[in-house]
Amino acid sequence: MQLKTKDIKSVLKRGDFEYPVMESFYTIQGEGKYQGHAAYFIRLGGCDVGCHWCDVKESWPVDTHPVKSVDTLLAEALTYPGRIVVITGGEPLMHDLHALTESFQEAGFRTHIETSGVCEEFTGSWDWICFSPKKFKEPNTRILPHVDELKVVIYHASDVEWANDWVDKINPNAYRYLQPEWSKQASMNPLIVDFVKANPSWQISVQTHKFLQIP
Ligand code: SF4
């Protein structure tokens with residue numbers, strides 16, 4: 001059952017709140033500012049952004065994934081020693097994330113999200129917001145002041161300048177990352193290296209989990 005947070009207080013205990021989960025696993029965060037840190041990932045089902053290079057297209061349907069309760073996810077996460085939870089997708093903000101994030105924070109986790117920012121609703125209680133805008137669907141501006149990390153996937157040379165256009169729109173203290181799309185590294189890496197050398201407020205993010213051959 002999926003309800004808005006205002007409803008669950010009267011109907012469900014927070015731990016009973018359920019989400020469609022494509023997969024959940026304990027691994028190493030491979031990208032961005034927290035690259036190299038152990039973290040429990042929860043990949044929620046549902047995304048309508050439609051990136052043609054998406055490497056998790058199985059996540060797109062919202063109704064084909066098993067639902068798991070907050071209590072079930074938390075119990076699984078607590079079997080591991082890491083205390084970062086990364087909520088990803090799909091597009092996780094398609095769901096009301098208050099119950100999930102507040103429960104994990106109460107249990108001592110840092111709550112991190114990876115989002116394209118396209119959704120109208122911006123729910124949850126967050127310690128780290130990674131905003132990864134996509135050309136294929138315009139983000140909602142509500143998220144922009146809260147961004148801790150801007151991460152733009154570079155598939156085409158023109159994506160570098162498109163990424164740079166976001167700088168004046170987001171929290172000015174946000175970290176800025178350019179990340180080559182996995183299949184385009186050979187052609188995009190030289191452009192990214194040159195850009196970061198000329199614009200040192202940016203950094204390079206590579207998908208280290210793929211080099212390590214871990215989830
Ligand atoms: Fe895939 Fe993310 Fe793009 Fe959705 S926003 S299509 S999950 S890469």
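The sections below take up the basis of the model, the fold, the surface and the core.

## Basis

The model is predicted: local features need pLDDT of at least 70, side-chain atom pairs count only at pLDDT 80 or more, and totals for chains, interfaces and linings use all residues. Residues are numbered from 1 along each chain as its sequence is written, and side-chain values use heavy atoms, leaving out hydrogens and water.

## Fold

The protein chain has 6 helices and 9 strands (DSSP runs: H or I of at least four residues for helices, E of at least two for strands). Its radius of gyration, taken over C-alpha atoms, is 17 Å, close to the 17 Å from the globule rule for 215 residues, so the chain is as compact as a globular protein of that length. The rule is 2.2 Å times the number of residues to the power 0.38.

Of contacts (heavy atoms within 4.5 Å) between residues at least 6 apart in sequence, 63% join residues at least 24 apart.

## Surface

The accessible surface is about 10100 Å², with 52% belonging to carbon and sulfur atoms (Shrake-Rupley method, 1.4 Å probe).

## Core

Buried residues (under 20% relative accessible area, 1.4 Å probe, protein chains only) make up 51% of the 215 residues. The largest nonpolar core has 49 residues, and I42, L97, L100, F104 and L178 have the most contacts inside it. Such a core is a set of buried Ala, Val, Leu, Ile, Met, Phe, Trp, Tyr and Cys residues joined through side-chain atoms within 4.5 Å.

Leaving aside neighbours within four places in sequence, L100 contacts Y19, I42, V70, L73 and I87. Another core, of 7 residues, lies apart from the largest one and includes F25, F41, I84 and W128.

Terms used. Buried < 20%, exposed > 50% of the residue type's maximum accessible area, 1.4 Å probe, protein only.
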